[in-house]
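This note concerns the salt bridges of the structure shown below. Please read the numbered points alongside the model.

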Amino acid sequence: MNKIMPMSQVRQKITSILNELEKGGEPVIITQRSKVKAVVMSAAEYESLKETLETLSDPAAMAAIKESEKDIRARRLVTLEDLRANYC
């Protein structure tokens, strides 16, 4: 669950907020005059989100993922042992 904090509280607690985010804490939604103005998240979470968006916006990657999902549903799978036996 995301934390929602007013800007006045964020100003007072920014160091502890950043420390918590660095440890894997949930993003903080910042409000000003009861309106959402920003979201603060860890750099690692931001990078992960960017990578996910890039993948989702890549038609070739999405086609490959959909094809893989079809293979899984059809049980067209290769075990790790078979993979090692044939390619290592």
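1. Terms of exposure. A residue is called buried under 20% relative accessible area, exposed over 50%, and partly exposed in between (1.4 Å probe, protein chains only). By this scale Asp71 is partly exposed, at 24% relative accessibility.

2. Basis of the values. The model is predicted: local features need pLDDT of at least 70, side-chain atom pairs count only at pLDDT 80 or more, and totals for chains, interfaces and linings use all residues. Residues are numbered from 1 along each chain as its sequence is written, and side-chain values use heavy atoms, with hydrogens and water left out.

3. Salt bridge count. A salt bridge is taken as a side-chain nitrogen of Lys or Arg within 4 Å of a carboxyl oxygen of Asp or Glu.

4. Lys3 and Glu20. These side chains form a salt bridge at 2.7 Å, N to O. Lys3 belongs to strand β1 (residues 3–6) and Glu20 to helix α1 (residues 7–22), so the pair ties together parts 17 residues apart in sequence. Helices (H or I, at least four residues) and strands (E, at least two) are DSSP runs, numbered from the N terminus. Lys3 is partly exposed at 35% relative accessible area, and Glu20 is partly exposed at 36%.

5. Glu47 and Lys50. In this salt bridge the closest N and O atoms are 3.7 Å apart. Both residues lie in helix α2 (residues 43–56), 3 residues apart, about one turn of the helix. Glu47 is partly exposed at 38% relative accessibility, as is Lys50 at 31%.

6. Asp71 and Arg76. The closest N and O atoms of this salt bridge are 2.7 Å apart.
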